[in-house]
Amino acid sequence: MSGAKRGGIEVLSGNDMCVEGALAAGLSFFAGYPITPSSEIAESLSSILPRRGGCFVQMEDEIASLGAAIGASLTGRKSMTATSGPGYSLMQEHIGYAAMAEVPVVIINVMRGGPSTGLPTKAGQADVMQAAWGSHGDYRTAALCPSSVKECFETTVKAFEWAERFRIPVTVLPDEIIAHMRENVDTRCIAEAKPFDRLKPGKPPEEYEPYSYEISKEGAAIADFGRGYRFHVTGLAHDATGFPTNDPEEISRCNWRIIEKVEIARSAFTWTEKFMLEDAEILVFAYGSVARTAKDAVLRLRAAGIRAGLYRPVTIWPFPASEAREVFREARKVLVPELNAGQMAGEIEKYLTRGCDVEKINRLDGEIITPVQIMEAAKALHGRKKAQSSD
Amino acid sequence: MSVVNVRLAGTGGQGLILAGLILAEAAARSHGKNVVQTNSYGPEARGGASKSDVIISDEVIYNPKPETIDVLLVLSQAACDKYCGELSPGGAVVFDSSGVVPPPGLKAMGADVTGIAVRELSNEIVANVVALGVLAGAFGLVSAEAVESAVLARVPAKAKDLNLKAVRRGIEEGRRIRSEMEKK
Amino acid sequence: MAGRRLSPAIDIEKYLRKRNLPHIWCAGCGNGIVLGALLRAIARSGFRQDDVAMVSGIGCSSRLPGYVDFNTLHTTHGRAIAFATGIKLGRPDMHVIVVSGDGDATAIGGNHFIHACRRNIGITAIIVNNYIYGMTGGQVSPTTPKGSRATTAPFGNAERPFDICLLAAAAGANFAARTTAFHADKLEDLIFKGLGRKGFSVIEAITPCPTCFGRRNQNPTGVDLMNLIREQSCGIEPGGKSEAPAGIRLGVFADRDEKEFTEIYAEMAAGAGR
């Protein structure tokens with residue numbers, strides 16, 4: 001159980017602070033299924049939620065867990081589930097449903113090694129593409145990658161704000177190292193968090209259409225079930241009223257809306273860290289636990305006379321495209337360490353300019369990429385630059 | 001030292017992960033240190049290998065996984081064999097003298113962890129708390145008051161006396177092995 | 001068959017979303033009869049429309065909530081009960097009704113179905129059993145009788161069917177009953193009874209699907225299938241035709257009043273201390 005006492009310095013895990021973040025954001029419904037390494041979140045909430053007028057239920061599988069969370073969300077409750085790799089795969093069906101039906105919900109996926117059962121107790125970062133594209137069809141969603149225990153709190157609070165504001169499923173993706181590691185946290189952040197409550201329709205029930213809102217950065221209102229607004233929700237392509245449609249124009253509007261409402265607010269999602277980037281000749285792109293060892297490596301490289309810098313996305317989806325284009329414009333040497341076979345490295349290639357030299361460091365053994373690994377790769381990359389420029 | 005990397009290693013079920021957490025809590029709460037604690041364990045709930053790493057630092061800690069170990073505590077031969085090679089230059093190993101034999105050539109100190117728990121306190125379950133006391137007493141990683149209050153904050157009311165005895169006896173044992181080491 | 005006629009005085013039109021009519025169901029389909037029985041049962045129960053949530057999965061019968069003016073949720077294939085569980089836990093005061101087909105509830109959604117029975121959560125599940133996957137064109141389902149033909153059982157179904165009511169009863173539902181679209185008044189009564197139960201209630205309605213089931217099994221029209229259903233129906237009550245082994249066994253398979261899940265949850269939460 002989370003040991004946070006609110007106010008002092010506590011030694012807490014990433015999973016503990018995901019729980020605290022959810023509660024601070026106003027969580028009142030959790031449905032989940034046990035899976036390592038996320039189970040502590042369910043265990044904590046099974047004890048906390050009933051005592052706060054909230055609801056915890058352990059469902060029969062992860063598909064049901066997210067289904068129940070979406071159902072509860074429609075009654076106006078801030079709802080969440082938590083899982084890991086195999087469970088996240090099962091949830092993809094309902095992530096697509098939440099995207100299509102535009103129901104707010106938060107998913108915490110603690111990334112372990114995969115594929116399949118893979119490495120239940122060890123770390124991976126191989127679900128980052130799944131977080132964007134895991135469900136069938138085309139839709140946009142948001143995903144956050146915390147790098148510290150405190151950031152588990154902050155990203156979870158933010159996930160709820162985005163889910164509630166934009167009526168989308170949002171995933172928080174701590175990797176196993178971040179979820180299980182404990183570090184000192186100043187728990188005053190818990191009391192200081194500002195929960196965001198979903199926008200309510202400004203129209204009476206007889207005029208209400210759940211899917212006719214104007215797309216804007218402010219998000220969209222949604223009515224609750226059981227409060228006089230008797231509307232229809234479906235995963236079928238639907239018109240503004242929510243009822244299924246076969247009209248190509250309406251279908252197109254429905255499908256574009258769930259994409260455009262996120263695209264239009266892209267800048268609102270941008271959350272990144274730039275560490276010693278100004279004069280960097282080696283740019284390291286890293287996120288999650290690996291960003292920590294990357295930072296360590298950057299400092300040690302600088303001490304050794306190599307000007308390295310770190311660009312770290314906290315929000316990985318929607319990808320911070322316009323900022324990344326700026327950051328990568330001048331980059332000539334980019335290093336991408338990841339606990340996968342190069343998923344985000346593939347993504348950032350879209351933003352690199354011609355002639356940029358990219359080196360990937362990939363680990364699939366469940367262990368972290370060490371500062372030494374990053375430093376060695378950086379040194380090799382640095383040397384290669386010199387060799388080329390002397391040609 | 002501005003950074004100390006500590007590893008507590010043994011067999012699953014010995015409570016070393018909790019001991020590592022208490023050490024981190026003592027360092028953070030009482031001494032205002034930055035700490036990172038990580039674990040690794042096998043699929044077994046009991047048995048199997050288990051380790052808990054604690055980084056205690058005055059600086060911000062980026063890398064959560066220690067690259068070398070300054071203080072290694074081992075409660076099983078398997079853990080001793082596995083981790084002694086990761087000691088930093090000048091690093092020390094504390095081994096449970098009832099049953100663990102360290103390799104030669106190391107700064108090694110035998111502490112009677114299991115013996116104290118079983119014979120003096122009649123409860124093997126507090127061996128982890130004895131071990132925690134030993135680390136505090138031998139290396140001054142945290143003060144006696146800090147580790148005692150951190151232990152008390154983590155144990156149920158009815159077990160407070162036993163655990164306080166265990167940690168105090170551990171600190172005493174830690175101080176003993178320290179002075180023995182210094183005599184050498 | 002003795003008994004009342006359909007409740008003629010009940011106005012069910014007020015429950016219909018007329019803009020969405022006509023419905024998509026074939027001539028001879030039993031879904032309309034189930035819809036009528038369900039709406040009359042809701043009317044008799046005195047529920048306010050705002051307090052009713054109707055949830056469905058995927059399939060012909062799962063289109064039903066789109067035609068009725070309640071809080072309606074058309075979900076993914078097999079998962080209606082999971083979504084409904086969230087609604088009931090989120091708003092225990094609402095009347096939550098699930099409409100699901102045989103494939104939806106007992107194949108892809110079988111796990112959710114038995115666990116809802118086990119939890120005994122306050123949901124009324126109407127399982128419309130037409131022995132076939134209708135919407136996808138007539139594939140074999142978990143309730144297709146052995147030997148019957150389907151597009152994926154061209155030589156006759158080699159598998160044994162589920163008995164949905166026995167399954168529900170064994171898994172712990174408070175109420176499980178079966179009748180048919182032919183016995184429309186009985187269907188209304190059983191749904192009414194199920195809606196009155198606090199725990200999980202299952203009402204299985206055997207319905208004709210002439211398009212996908214009947215055409216391949218020597219009963220090409222709705223009338224043929226209705227006659228077949230009538231002929232094969234037998235009761236399970238003492239004195240009924242329960243000896244008929246090949247028949248459709250109708251009656252109440254579970255009838256108990258064990259405490260409902262959200263009530264138990266509320267008590268547990270109160271005991272845990274706020």
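**Exercise 1. Determine how many salt bridges the rule finds across the interface of chain B and chain A.**

Solution. The rule finds 2 salt bridges across this interface, a salt bridge being a side-chain nitrogen of Lys or Arg within 4 Å of a carboxyl oxygen of Asp or Glu. One pairing involves Glu67(B) and Arg300(A), whose closest N and O atoms are 2.9 Å apart.

The model is predicted: local features need pLDDT of at least 70 and side-chain atom pairs count only at pLDDT 80 or more, whereas totals for chains, interfaces and linings use all residues. Residues are numbered from 1 along each chain as its sequence is written, chains are lettered from A and ligands numbered from 1 in the order in which they are written, and side-chain values use heavy atoms, with hydrogens and water left out.

**Exercise 2. Describe the contacts and the buried area between the chains.**

Solution. Step one concerns contacts (heavy atoms within 4.5 Å): 19 residues of chain B are in contact with 21 residues of chain A. Step two concerns buried area, the accessible area (1.4 Å probe) that two parts lose on being put together, summed over both. Between chain B and chain A this is about 1800 Å², with 55% from carbon and sulfur atoms. Tyr41(B), Tyr62(B) and Glu67(B) supply 32% of the area that chain B buries against chain A, more than any other three residues. Step three turns to chain C: of the 2 pairs of chains that touch, A and C have the most contacts. Chains B and C share no contact, and their closest C-alpha atoms lie 19 Å apart.

**Exercise 3. Identify which residues touch the most other members of the largest nonpolar core, and locate this core.**

Solution. A nonpolar core is a set of buried Ala, Val, Leu, Ile, Met, Phe, Trp, Tyr and Cys residues joined through side-chain atoms within 4.5 Å; buried means under 20% relative accessible area, exposed over 50%, and partly exposed in between (1.4 Å probe, protein chains only). Among the 172 residues of the largest core, those touching the most other members are Leu45(A), Met80(A), Phe285(A), Phe328(A) and Phe200(C). Domain 1 (1-269) and domain 2 (273-389) of chain A, with bounds from an automatic or database domain assignment, both give residues to this core, so it lies between them. A second, separate core has 50 residues, including Leu16(B) and Leu23(B).

**Exercise 4. State how many disulfides are found, and examine Cys234(C).**

Solution. The sulfur of Cys80(B) is 3.7 Å from that of Cys84(B), the nearest cysteine sulfur. For Cys234(C), the closest cysteine sulfur, in Cys165(C), is 13 Å away, too far for a bond.

Conventions. A disulfide is a pair of cysteine sulfur atoms within 2.5 Å.
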